[in-house]
Amino acid sequence: MDHIRLIKSDQDHEQALARLMTLMDLEPEDGSKEGDELDVLAVLIEKYEEEKFPIDPPDPIEAIKFRMDQQGLIKKDLIPFIGSAPKVTEVLNGKRNLSINMIRKLSKGLGISADVLIKEPNQQQAVSSEVDWNSFPLAEMRKNGYFPDFKGSLKELKEYAAEQLNLFLSSVSNGFDLERALLRSSAHLRSNDKEIDSYALWAWQVRVLQKAKDDTLKVSYQKGTVDTDWMKKLAEMSWSSQGPELAKEYLNGHGIHLIIEPHLPKTYLDGAVCTSCNGNPIVALTLRYDKLDNFWFSLMHELAHLALHVDETETWFLDDLDAHGADEKELEADALAKECFIPLESWNPKRYTDHISVRELANKLNISPCIIAGRVRYELDNHKLFGKLFREKVRNHFDLN
C-alpha cells in the first residue's frame, strides 16, 4: 500500500477506480495486503465522491408523490395528514409549505423520513426541540404584534405555530435559553400563589429583549450609575405632566432601556429588570394598571433592583407587585423605591387623607400628588379615597402599538 495517497483530482480518482477494480477481481482475503489496500481505496474513493458529487436531498413534494404512487394513493387519502382537500392541492402544487404538524403526520402515516420532508432550517430546529408549541398564547401574542410578518388567520398561525415561534424565539441570541424561566435559578420571580403560564412568561421576556435590541442607545451603561441620589432626581420628574416621557429620556441618557410591553394572560407582571445582550440594563413595564402612581412605583422598584441586586447570578427580576410575603430582596427594593419618593420621616399615611395635605406634601417633595395619594390608598386599604382626584392615566404617554 506504499503508493496509496489522498485523491485530489479527477485523474487520481480514475486511477484509484482502476486499481479498485483490479483488486476486486483478485478477490483478496480479509487481512491480506491486497485486502487492506482494497478497503483503504474504497474509503478514499467514497470520501472524494461525496465531496465532488454531493447528492441533493429529495424534494419533499416529490417524495410525497413518489410514496403516493408506491401505495396507490390519491389526493383525498392525504387529507388526514394535511387537513383538507384544498390544502392538499395547494401543498402538492407548491403553493403551501408543509407545516411541522403536517410533516409529523405524513412521516408517521406514510413512512417518509421527517428529514426528507423538512425543507427550511428553522423547521429542523422546531422538530428537534421538545417545546410544546401549542402552549404559547398565540392569539394574544398576535394581537400584541409578536408576528408582524405573518398575515394569515389565527387558525393558520396555529397550524404554523412551530415555525413562527421558532423564528420569534431566535430573533434574540438567547431566546431559547429563557425557556421555562420559573425553573431557572437565574430568574428571580416575585409572585403570589397563582398558576403562572411559563410559556406566556417566556414569550414576554423574548419580546422585551427583541424590543431592546431595536432600541438604539447613544451611550453605554456605567456600573454604579443608579443609586439613591440618581433615583431621587428621577422621582422629581414625576411632577411634570410629561413625567413618563422625561423618565424614558433620563434612563436612555444613562444607557438604560425603558421598554413598555403589555403583559400576557397569566403572567401577572408589573415589571422586570434584566440585562441586554450588549450589557445595557433593561427596565420593562407592562402598565397592566393604567395608573400614573403605579407606573412610577413599578419603575422605581425595578431600578432599585438594578441598584441593589442585578449581577451575574440574578439576570432577571420579574415582579408582580400585588404579591404578598415578598422575600428579602423584594422588601429591600420596595423600601428603596418608597424612600426615593417620600423619606420615612415625612410619612404617616393617616396624615394625608385629604387633597390639601396631599398637595402640600407633593409641593414640598416636588413629586406628583398621584404618588402620594396612591400610597395612602394602598396602605390604608381604601381605594375609594379622594374620589376622582389623583387618578391620572399613563398609557397615553406611550405608543403601545
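**Close-up views of a predicted model**

**View 1. Strands β3 and β5 run side by side.** Strand β3 (residues 271-275) pairs with β5 in the antiparallel sense, over 4 bridges; strands are DSSP runs of E with at least two residues, helices are runs of H or I with at least four, and both are numbered from the N terminus. Two strands pair if DSSP finds at least two bridges between them. Cys274 has Trp316 of β5 as its bridge partner. Strand β5 (residues 316-319) is covered on both faces, with Trp316 and Leu318 buried on one side and Phe317 and Asp319 buried on the other. Buried means under 20% relative accessible area, exposed over 50%, and partly exposed in between (1.4 Å probe, protein chains only).

This is a predicted model, where local features need pLDDT of at least 70, side-chain atom pairs count only at pLDDT 80 or more, and totals for chains, interfaces and linings use all residues. Residues are numbered from 1 along each chain as its sequence is written, and side-chain values use heavy atoms, leaving out hydrogens and water.

View 2. With a relative accessible area of 59%, Lys119 is exposed. The C-alpha atoms of Lys119 and Thr315 are separated by 36 Å, and these residues are 196 residues apart along the chain.

**View 3. Asp36 belongs to helix α2.** This helix spans residues 33-52.

**View 4. Arg391 lies in the segment after α18 (369-380).** Arg391 counts as partly exposed, at 36% relative accessibility.
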